[in-house]
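Here is a friendly walk through one protein model, with rings, strands and pockets as the stops. Please keep the viewer open as you read.

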Amino acid sequence: MADKEYGKVIGTYRGKGKLKLTNGNELPCHITIQQIETGLIYITCRFAPKVAQATSTIQFIMNSSLQDVACVYGKTRDGMNFESRRKLLITHAKVTVFASPNKPAIMTLVAQEVDFWKENQCHVEQYRFGVVNFEFIGNHPVKTIIQDGIKQVESYHLELELSTSWGIAIVNPVPDYKDVIDRIKAQKSISVTCELFARPSEVTELHEVASKVDELCRLLSLARGTKITWISAEECMEDGKAHRIILRNSVTWPFSSPALIDPRNPQDTAIFIEKVYPTYLKLRDSYNLNIAIEQYLDAKRATMYLETRALAAVSLLDFLQGRYASQRGLSKIVKLSNKEQEQIRLCLKGIIESLRPNINDDKFKEVLGENTLQEMMEKTSELNRRSYLNVLKLWVHNLKLDISEDELSEVKRTRNALVHNAKFRSTSSEGKTREYFRIIRLIEQIFLKLLGYDGYFIDINLDTLQFDRHMLNYTGSIEQQDD
């Protein structure tokens, strides 16, 4: 595979095996598995001339479809077993009919996941993950010895140590970290920026450790406002060699900014993870936080239209507000028993019938399958529902966030304009940007308070549209960092 065609290759594995079809047939082939920096996994199968010229092979390659391939499996040159998982997509297939008997056939597939493993048992020393799009400065200096010819040269770098509920995660930058970060920022692209070494407090399987790293990556994504995930995982022995490997074609979005937690400060990220991780686990299901964070990342994605991002933001705001209000009984104005609600409906029905005796002569009755009065009665409960703005004010008050009523009113107006008209109220570029960041600013502070965070974060000044590092206190008030 050429780097210029698919992207920078970060891992290559070669061996022999078989391409297994869904009908049970198996075609022996030479296999090359390559992962590129975006996470995509390409599998190239080369069929020997004898296999390539077989009628069944020619028919398969010339009429291949997504359902034809079940998996690819085999053994690498260094003795590791491998097998693809989940669906395989054929991107290229080439066979020359009636060609030279020395002419092989070639097929290229995109895999979702490929697992590698050695059959012998061993003692696991550490778990290593290749992580994309994480920008950071470490909080611990580390000395390494580099062999330069016959000389040994001391080298220093900063690693980031993160404390979690399951153990310690150590993050090290890739050797060309600065160049990679500069490139993905400029191009809004995707690349591996670091290696994460997971050190769980208890020895466990690689897939279980990977699920914990997924949790951590989700919180790091929230902290940076961009999708951070792992695309490769290794179970390593004492000598550092991999005993098991997982390559994963993760759903990764291009790099976005600005961040919520400052990547330039070596302590902020570690403090953020330590403080919010326990609360995240506690609220994850009740608030569907995994999806909520993904939607927040959608709202921050720099490659989307501003209006589209803002629509994702107000949808997320509505969802979080609804969950919070329903769990605390804030959505209803007063508590009414079923009997009281029925009495209100009967009273309203009588009043409406006296005012409009012919109300049921509805020309839409045949279409709707119900009369007008019935439809009105079904909406009676809406009389006891708090207004959007009032719920917003109660929510912010309960979270002890220092956001003015005027600011919340502006949020409501922008929200209504986006929901009903799919556009901002303002027509100027600066005005639209201000409306967008007003929504994002509120969502970010709500996330921080929900997760029990107090500390520094990146806040935007809505007057100047400049970003500054501020402190969010226990009370919810915001203080600017001293120069």
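## Rings, strands and pockets

Ring pairs link Tyr13, Phe82 and Phe116 into a cluster. A pair here means rings of Phe, Tyr or Trp (its six-membered ring) with centres within 6.5 Å; planes under 30 degrees apart are stacked, over 60 edge-to-face, and the rest tilted. This is a predicted model, where local features need pLDDT of at least 70 and side-chain atom pairs pLDDT 80 or more, while totals for chains, interfaces and linings use all residues. Residues are numbered from 1 along each chain as its sequence is written, and side-chain values use heavy atoms, without hydrogens and water.

The count of aromatic pairs comes to 11. Tyrosine 324 and tryptophan 395 have ring centres 6.0 Å apart and planes at 40 degrees, so this pair is tilted. The pair links distant parts of the chain, 71 residues apart: tyrosine 324 sits in helix H8 (residues 306-328) and tryptophan 395 in helix H12 (residues 388-398). Helices (H or I, at least four residues) and strands (E, at least two) are DSSP runs numbered from the N terminus. Both tyrosine 324 and tryptophan 395 are buried, that is, under 20% relative accessible area with a 1.4 Å probe and protein chains only.

Next come the strands. In strand E3 (residues 41-47), 6 of the 7 residues are buried. Strand E2 (residues 26-36) pairs with E3 in the antiparallel sense over 6 bridges, where pairing takes at least two DSSP bridges. Within this pairing, glutamine 34 has tyrosine 42 as its bridge partner. E2 and E3 form a hairpin with 4 residues between them, and glycine 39 in the turn has a positive phi of about 105 degrees. E3 also pairs with strand E6 (residues 105-117), antiparallel over 7 bridges, and arginine 46 has isoleucine 106 as its bridge partner in E6.

| Arginine | Ring | Distance to ring centre |
|---|---|---|
| Arginine 301 | Tryptophan 253 | 4.3 Å |
| Arginine 469 | Tyrosine 456 | 3.8 Å |

Finally, which classes make up the lining of the largest pocket? The lining of the largest pocket has 14 nonpolar, 10 polar and 6 charged residues; Ala, Val, Leu, Ile, Met, Phe, Trp, Tyr, Cys and Pro count as nonpolar, Asp, Glu, Lys and Arg as charged, and the others, Gly among them, as polar.

Conventions: Buried < 20%, exposed > 50% of the residue type's maximum accessible area, 1.4 Å probe, protein only. Lys NZ or Arg CZ within 6 Å of the ring centre and 35° of its normal.
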